[in-house]
Amino acid sequence: MSAVTHHTRSNGPDESRGGAGEELPVDRLALLATSEGDLNEIAQRRRDFRDVQRFFGLDIHREYLVATAVDHELRVVYGPTRVTWGQFEAWIAQQLTPLDAMVVEMTTNTWQVHDMLAKHVHSITVVHPPHVKLITQAPVMNDKKAAEALATLHAAGLLRSVWVPDQTVRDRRHLVAQRHDRVRAATQAKNRLHSILHRHQMDKPDTSVPFSSRRHDFWLNLPVSPVEKLAIELDLQTIDQADAQCERLEAFMAKEALSDERVPFLVQLPGISSIGALTVLAAIGPIDRFPTAKDLVGYAGLGGRVHDSGQTHTGGKITKAGRRDLRTVMVTAAQAAARNDDFWKNELARLEPRLGRNKAIVAIARKLLVVVWHVLTKREANRHADPVKVARGFFNMAYEDIGARNLPDGQTAPEFVRRNLDRLGLGKDLQRIKRGSREYLLPPSTLPGAAPAAQPKGKGQRQNTKAAKADRAAGAAAKRELLEAKRAAAEARMGRPRKTRSDKGTKRGPHKTK
C-alpha cells in the first residue's frame, strides 16, 4: 500500500493533559485545534483515515524520538517508546505497517524522517509548531505527553497538513538560507564597525564602499585601543569571508535559476533579480498550490489582520504569519520598484500621503505579490511591463548574475535577451537596447509581425551574434586559403620554398636584426 503524504501545517491544538492523570476532553481539543479549520475539513480528514488502525505521534529530539500511538477511540495502543536514531530504521521495519498514520512536528531533520517513513506507512502529517504550541504550554509536559497529544489530535482529525516540498525545493530553500546567514553576518560586522566610529566621533570613509579591501588601511589605522583594533581586524575578516561565500552562493543560485522556465516571468517584474526570483520560487513551490492570489498573500504574511464581530470591523497590521523569506524579498522588490518603475512610483505617490512611506511600501509588496501570482499562473507578461526595461533586466541577468560565458546553448547575451522576450511575448519590434554607454543589437524576434533584423550603426561596428561571428570566421578562413594558394603558386614558379622573413635576416619592430 503506497504511503499518502498529508503534510501538516497544523491548526493547532494541543491535547495535553491538565494534570498528572486527567485527560483533556476531546471537545475541548476541537475548540483548541480548529482556529483555522472548519467542521467539513475535519470530517474529510476523518474519512481519509477510515482505514487507519493506529495514529502515531512522534516527538523528535536530537538524539532520539518518543513514539506513542492511539486508536480511533483515542486509547493508547502503543508506547510511549523511546527510539534512538541508530535504532530508527529497525524500529520502522519491526513496528510500523501500511495501516499506521504518523504525525511529527516540523524541526531540523523532519524531511529526512518523512522520507524514511513514507514507504512504510499510510500517511505522514507534518505540523507547524506554532499551531500546536499549546502542547508545550501545558502545566505538566514531557516527551511522553507531547507524543500522546500529537497522536490524539491526529486521530481526532484536528491537524491540518503543510505542503511537503520535493528535493529540488528543499535544496533551493537551503541555498536561500545559507545566503541569508552570510548577508546577516556581514551586516552585523559592518554595524559593529560603524559603532566604533560613532563611539569615537569619527567620520566614515568618503566612499560608497567603505568596507572594501582598498579601505582596510583606513580601519586598521584608526586611533583606538588594542582591543578595538583586534575587533576591527576580525570584523573585516568576517566581511571579506562572508562576501566571498555570498559570491559563490549567488553564482550557484544564478545557474540554478537558468534551469527553471518560470524565472523569466519573475525577472520581468521591477525589483526582482534572478536571485530574488529563485528565492520566491523556493518559498512558494508550484504556484498551483494557491487557488487565488489572496491565498499566496496570506502564505507570505502580507495580509492585514481583521477583527469582524457584530457591528465592529477593524483592521490591523500585516499578520506576518507566513514565510519570512518570501515577505522579505517582496518588500525589497517593492522598494526597488517604487524607485525605478513609473507605475509603482505613481502607486507610492498615491498611497504614501495616507499611509506613510513604510506602510505604502508594504502595500506595494502585497500588490506585487498578487502580480507574481498572475504571471506565474497564466504564464504571461505583466500588463504594465516596459519592454525596454525588461530587456535591460535580462541583460543584467546575463552579464551580472550568470556571466555571458555561462549562458545556455552557447547563446550570446543579445540572443539570451531575445529568447526570453519572445517567451514573454514582449518587444517584437525592439531592435536595439542601450545599456550604460553601449548599445546592443538584438536578433530579430520570432513572434508574428516582428520587425526585420536591424543593421549595425557606425563604421566598422559589428553585430555580436553567432551568425555574424560565423561569417567573420568564414571570411578569415577564406582569406587564409587565398594567401596559402598564392604562396603555393609562387613557390611553384620559383621552384623552391619561399623564404620567411626571419630567413631573410630581417624582422619588424624593436627586434630588427642589424
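**Close-up views of a predicted model**

**View 1. A positive surface patch is built from Arg184, Arg305, Lys317, Lys320, Arg324 and Lys359.** Patches comprise residues with over 30% relative accessible area and no salt bridge, like charges being joined within 9 Å and nonpolar side chains (Val, Leu, Ile, Met, Phe, Trp, Tyr) within 5 Å. Lys and Arg count as positive and Asp and Glu as negative, whereas His and the chain ends are not counted; each charge is placed at NZ of Lys, CZ of Arg, CG of Asp or CD of Glu. The model is predicted: local features need pLDDT of at least 70 and side-chain atom pairs count only at pLDDT 80 or more, while totals for chains, interfaces and linings use all residues. Residues are numbered from 1 along each chain as its sequence is written, and side-chain values use heavy atoms, with hydrogens and water left out. Lys359 belongs to helix H15 (residues 357-378); helices (H or I, at least four residues) and strands (E, at least two) are DSSP runs numbered from the N terminus. Lys359 is exposed, at 55% relative accessibility. Accessible areas come from the Shrake-Rupley method with a 1.4 Å probe, and for residues only the protein chains shown count as cover; buried means under 20% relative accessible area, exposed over 50%, and partly exposed in between.

**View 2. Strands E7 (residues 304-309) and E8 (residues 312-318) run antiparallel and are joined by five bridges.** Two strands pair if DSSP finds at least two bridges between them. His307 has Thr314 of E8 as its bridge partner. The two strands form a hairpin with two residues between them, and Gly310 in the turn has a positive phi of about 60°.

**View 3. Arg172, Glu256, Asp260 and Arg262 are linked in a network of salt bridges.** A salt bridge is a side-chain nitrogen of Lys or Arg within 4 Å of a carboxyl oxygen of Asp or Glu, and the count by this rule is 19. The side chains of Arg172 and Glu256 meet at 3.3 Å, N to O. This pair links distant parts of the chain, with Arg172 in helix H7 (residues 167-199) and Glu256 in helix H9 (residues 226-258), 84 residues apart. Glu256 is partly exposed at 22% relative accessibility, whereas Arg172 is buried with a relative accessible area of 6%. Arg172 also forms a salt bridge with Asp260, the closest N and O atoms being 2.8 Å apart.

**View 4. Asp325 and Arg323 form a salt bridge through their side chains (3.1 Å, N to O).** Asp325 is partly exposed at 22% relative accessibility. Arg323 is likewise partly exposed, with a relative accessible area of 23%.

**View 5. Lys320 and Arg379 carry a positive phi although neither is a glycine.** Most residues other than glycine have a negative phi, and most peptide bonds are trans. The phi of Lys320 is about 55°; Lys320 sits in the loop between E8 and helix H13 (324-340) and is exposed, with a relative accessible area of 55%. For Arg379, phi is about 50°. Arg379 lies in the loop between H15 and helix H16 (387-402) and is partly exposed at 37% relative accessibility.

**View 6. The peptide bond from Gly79 to Pro80 is cis.** Its omega is near 5°, and Pro80 lies in strand E4 (residues 76-84).

Conventions. Buried < 20%, exposed > 50% of the residue type's maximum accessible area, 1.4 Å probe, protein only.
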